[in-house]
Amino acid sequence: MDDTPPPPRTVQDEDTIVTPLAPGATLPELSEDVDHIERLTRPGAKYRNMNPFYVLCINYETSPEDMNRRYRRLSIKVHPDKFPGNPKAAAAFEAINEAYKTLKDDEKREYCTAVVARAREKVLAEVKAKKRAAKRDKISIEEDDPKVVERLIEVEVHKIFVEIEQKKLELEEQDVQTTKRKRDQEEQAKVATAKVQAQKEAWENKREDRVSNWRDFKGKASAPAAKRRKFTPKGLRPPPLEDKSNFKHPSAALWNAKRG
């Protein structure tokens, strides 16, 4: 299937009108009098434009043929060549092309249709409960107007698309952080491995020195005892002994004198 958008046709009276194609597309902002350049570029359009049905002003049940016609008409209404002095025209034209490419892809269109169905189911359930309560209280509510309900569905669709986009960004950020953490761990492992390898190489390089030192030590330990001199510090040698064989104590002579 060729996903290339068909080229915008020449401006004709029938192509300058963008009319609602489905009951769900009757909101005021999707009417033919809307400035679609402003609609697709005003503040908050980034999130609203995530809904391709909103961008192309079609209902999720719109046929491919009607979608092609709607794309051509909208392209003419926002084409940059038609508004050379409006810098927003290019952004609006790009938004329309992206929405068209998305819905031309069967798988992506099915996904977007599921989002709309989910939003519709949720809103209709809430409206049903609210109407039941209003009936019990015998009061009227704004949800009695079908247009209000369609507006609520549209808002819920935008909300779901935004939540999906935010979740997608969070997952991408987690992937970035995981990749960064893994890369840091690999770098740390490389540094640790290089350090261990450097230590091994240094140990191997000093092997000869260790062997030589050990051999010198063993050689000194096994030297003959005769060649080793006993070391005795001179300051610790005892004085020579005196010959005291004829020594007489002075007190002995005095004692002999007294006795004589």
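Which residues have the most contacts inside the largest nonpolar core? They are Leu56 and Ile96, in a core of 32 residues. The model is predicted: local features need pLDDT of at least 70, side-chain atom pairs count only at pLDDT 80 or more, and totals for chains, interfaces and linings use all residues. Residues are numbered from 1 along each chain as its sequence is written, and side-chain values use heavy atoms, with hydrogens and water left out.

**Overall fold**

- The chain has nine helices and zero strands, where helices (H or I, at least four residues) and strands (E, at least two) are DSSP runs numbered from the N terminus.
- Of its 260 residues, 27% are buried; buried means under 20% relative accessible area, exposed over 50%, and partly exposed in between (1.4 Å probe, protein chains only).
- Contacts are heavy atoms within 4.5 Å; among those between residues at least 6 apart in sequence, 68% join residues at least 24 apart.
- The accessible surface is about 19500 Å², with 54% of it belonging to carbon and sulfur atoms; the areas come from the Shrake-Rupley method with a 1.4 Å probe, and for residues only the protein chains shown count as cover.

**Nonpolar core**

- A nonpolar core is a set of buried Ala, Val, Leu, Ile, Met, Phe, Trp, Tyr and Cys residues joined through side-chain atoms within 4.5 Å.
- In the largest core, of 32 residues, two or more residues come from each of helix 1 (36-41), helix 3 (52-56), helix 4 (64-78), helix 5 (88-104), helix 6 (106-137) and helix 7 (146-205).
- Helix 5 gives the largest share, seven residues.
- Not counting residues up to four places away in sequence, Ile96 touches Leu40, Val55, Leu56, Tyr71, Leu74, Ser75 and Val78.

**Salt bridges**

- The whole structure holds eight salt bridges, each a side-chain nitrogen of Lys or Arg within 4 Å of a carboxyl oxygen of Asp or Glu.
- Arg69 pairs with Asp66, with the closest N and O atoms 1.9 Å apart; the two residues lie three apart in helix 4, so about one helical turn separates them.
- Arg69 is partly exposed at 38% relative accessibility, and Asp66 is partly exposed at 23%.
- Glu143 and Lys130 form a salt bridge at 3.0 Å, N to O, linking distant parts of the chain: Glu143 is in the loop between helix 6 and helix 7, and Lys130 is in helix 6, 13 residues apart.
- Glu143 is buried at 6% relative accessibility, whereas Lys130 is partly exposed at 39%.
- Asp184 and Lys180 form a salt bridge at 3.3 Å, N to O, and are four residues apart in helix 7, about one helical turn.
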